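Me: I am new to this structure and would like to understand the terms used for it. Could you take me through them with care?

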Amino acid sequence: MLYVTTRSKNDAYTAARTMNMDRGPDGGLFIPFRLPVFSKEEIIGLSEKSFGQNIADILNLFFSTKLTGWEVAMSIGRTP
């Protein structure tokens with residue numbers, strides 16, 4: 001996913017670059033260039049997944065990671 005700043009939509013930044021900066025070079029905050037759109041079925045399907053899996057799926061959308069629900073649960077201390 002690419003990100004732009006709240007002050008300029010002309011320059012795009014990768015997630016890796018935005019993680020190293022608290023603000024853009026122009027002083028604006030980073031926001032996604034495009035937000036993901038979920039269908040009604042996908043939103044209803046969230047209730048069938050665990051909390052950790054939902055968080056992992058959302059993080060994977062924004063940061064192109066390959067997290068699993070188990071990894072999220074382990075990081076917040078919900079799984080021994």
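Reply: The largest pocket is lined by Phe 38, Glu 42, Ile 43, Gly 45, Leu 46, Lys 49, Asn 54, Asp 57, Ile 58, Leu 61 and Phe 62. This is a predicted model, in which local features need pLDDT of at least 70, side-chain atom pairs count only at pLDDT 80 or more, and totals for chains, interfaces and linings use all residues. Residues are numbered from 1 along each chain as its sequence is written, and side-chain values use heavy atoms, with hydrogens and water left out.

Me: How do the residues of the lining of the largest pocket divide into nonpolar, polar and charged?

Reply: Six are nonpolar, two polar and three charged, where Ala, Val, Leu, Ile, Met, Phe, Trp, Tyr, Cys and Pro count as nonpolar, Asp, Glu, Lys and Arg as charged, and the others, Gly among them, as polar.

Me: Which helix gives the largest share of the lining?

Reply: Helix α3 does, with five residues, and α2 (40-45) and α3 (51-63) each supply at least two.

Me: What makes Phe 38 buried, partly exposed or exposed?

Reply: Phe 38, in the loop between β3 (30-32) and α2, has a relative accessible area of 42%, and therefore Phe 38 is partly exposed.

Definitions and conventions: On a 1 Å grid over the protein atoms alone, a cavity is a set of points where a 1.4 Å probe fits but cannot get out, and a pocket is an open set with protein on both sides within 12 Å along at least five of seven lines; lining residues have an atom within 4 Å of a point. Helices (H or I, at least four residues) and strands (E, at least two) are DSSP runs, numbered from the N terminus. Buried means under 20% relative accessible area, exposed over 50%, partly exposed in between (1.4 Å probe, protein chains only).
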